[in-house]
Amino acid sequence: MGSRLHRVDQGDVDSAILAHCRRVAALAMEIGRMAGLPAPFAGPAWDAMGGSQEDHGSPDGLRQVEELAGIVRLCSLLDQQFESLQFGYKDLETIFDAVRALAGHEGFDPSLVEHFRRMRCREVPRQIRRGEGLPVEARAAREVFRLLGRDRDYEVRELALMALRDPVLAGSLIRVANSSLYSPASKLSVVGQAISYIGTVEARKVMLAAVLRPMFASAGLTRLWSHSVSAAQFGSALIGQTGIGGAEEGLILGLVHDIGSLAIQFAPRETREFSARLVERGCPATYAERLLFGCDHGEIGADILDRWGFPAHLTEAVRYHHQPERSSGALAALAYLMEFWQGSDEDLPSFHRVEHCLARTGLTLEALAEIRTEDSQLKTLRSFA
Ligand SMILES: [Fe+2]
Ligand SMILES: [Fe+2]
């Protein structure tokens, strides 16, 4: 893995070019559709565009081919702008303006840029950011996070009081305490006993996981949930290596780092469909999110966690876990590495960012490779995955 940062071979270049072409094609198909052109990039579509080989030289056919070529140039410019974000942040409107300014030089109709603006989902981010689009369980989550989001010692009694408000919380604690992992001599049936038996540290993890799990399940996002649990395991181990925070913070950071992706599932159908098509055709999730919402799921998730009363440094790490260079704290860099090392395909690959994050956290690729999560103390959490 280490050599990949310093040795870029032809295969990497080819796959980067191919990935760029796929994204440009994905964007061009959307813009072409919005501009009223027949769907391009498929064999039969060529006929639909201007007719067959013999007659695509007709005035109509030529005009459409020229328009399509302009759309491809526009989309290629937009993709280059997105790729350059790793070197310096620009908001979406600035990107649109920069691309539009090149219309004369690149030979496309500047008004085509407006189709990108039309794709944008303007109203929903406010609702999503309030957590209003989340399933009912999110309301319970907000209360649990408000109470359990702080990294401090908890008393058995306060955890028991909280757990007894909700049957899922209480049931989860009793289930875990009675599981083969803890194997009590006799079955425990009282929440307070269950917490004392597994310890307040584990009990807090169980309660957080129990609240988050149904949210993911209700949205049909089990893959996202298991990714979050893996991230929690890895984050917890990773943070222990760096001294940037406590293992508990790594755990919570991993569990909630993609909560914004969950919220996005409740965006309007049209936006979700745009996003699904772009992702299916090769655009990473954050790429589609930036285009459709003007921000990525990290920023959306951080706004939700803010409202849930999460500590500011954790919120900041979630906000910038895909743009670590925008954070002054090292926790965002750690979260970026957490995603990177798990092979997350949520973002455009960026060795520039990996290097930045390694320097920021004091980690090396060799140290990352040595991190083992199998022996971590997180078996309780894994039982939920
Ligand atoms: Fe993630
Ligand atoms: Fe993410």
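The protein contains 23 helices and zero strands, where helices (H or I, at least four residues) and strands (E, at least two) are DSSP runs numbered from the N terminus. The structure is a predicted model, in which local features need pLDDT of at least 70 and side-chain atom pairs count only at pLDDT 80 or more, while totals for chains, interfaces and linings use all residues. Residues are numbered from 1 along each chain as its sequence is written, and chains are lettered from A and ligands numbered from 1 in the order in which they are written.

Of the 385 residues of the protein, 43% count as buried; a residue is buried if 20 or more other C-beta atoms, placed from the backbone, lie within 10 Å of its own, exposed if 12 or fewer do, and partly exposed in between. Among contacts with a separation of 6 or more, residues 24 or more positions apart account for 66%, two residues being in contact if their C-beta atoms, placed from the backbone, lie within 7 Å.

The largest nonpolar core has 99 residues, a nonpolar core being a set of buried Ala, Val, Leu, Ile, Met, Phe, Trp, Tyr and Cys residues joined through C-beta atoms within 7 Å. Helix α20 (residues 330-341) supplies the largest share of this core, ten residues. The residues with the most contacts inside the core are L173, M207, L334 and L337. Setting aside residues up to four places away in sequence, L173 touches A163, V191, A194, I195, A203 and V206.

Helix α9 (residues 156-163) and helix α11 (residues 191-198) pack at an angle of about 130°, with their axes 9 Å apart; axes are lines fitted to C-alpha atoms, for helices over the stretch in contact, and angles run from 0 to 180 degrees between N-to-C directions. The two helices, α9 and α11, are therefore oblique to each other, given that angles under 35 degrees count as roughly parallel, over 145 as roughly antiparallel, 65 to 115 as roughly perpendicular and the rest as oblique. The crossing of α9 past α11 is right-handed, a crossing being left-handed if the near helix is turned anticlockwise from the far one by less than a right angle, and right-handed if clockwise. On the α9 side V156, L159, A160 and A163 take part, meeting V191, G192, I195 and S196 of α11. The residues of this contact divide into six nonpolar, two polar and no charged, where Ala, Val, Leu, Ile, Met, Phe, Trp, Tyr, Cys and Pro count as nonpolar, Asp, Glu, Lys and Arg as charged, and the others, Gly among them, as polar. In the loop between α10 (167-177) and α11 sits S183. Its phi is near 40°, a positive value in a residue other than glycine, and S183 counts as exposed because it has 8 C-beta neighbours inside 10 Å.

Helix α18 (residues 297-307) is mostly covered, with nine of its eleven residues buried; among them are H297, E299 and D303. Helix α19 (residues 312-319) is likewise mostly covered, with six of its eight residues buried, namely L314, T315, E316, A317, V318 and R319. The axes of α18 and α19 come within 7 Å and cross at roughly 160°, which means that α18 is roughly antiparallel to α19. In α18, G298, E299, G301, A302, L305 and D306 meet L314, T315, V318 and R319 in α19, and the residues of the contact divide into four nonpolar, three polar and three charged.

Helix α19 also packs against α20, at an angle of about 45° and with the axes 8 Å apart, so α19 is oblique to α20. The crossing of α19 past α20 is right-handed. Here H313, E316 and A317 in α19 meet L331, A332 and A335 in α20, a set of four nonpolar, one polar and one charged.

Two single positions complete the picture. G254, in helix α14 (residues 247-256), counts as buried because it has 28 C-beta neighbours inside 10 Å. Beyond four places in sequence, the residues that G254 touches include S228, F234 and M338. L92, in helix α4 (residues 92-101), counts as partly exposed because it has 18 C-beta neighbours inside 10 Å. Although L92 and F293 are 201 residues apart in sequence, they lie 9.0 Å apart in space, C-alpha to C-alpha. With neighbours within four places left aside, L92 is in contact with R290 and G294.
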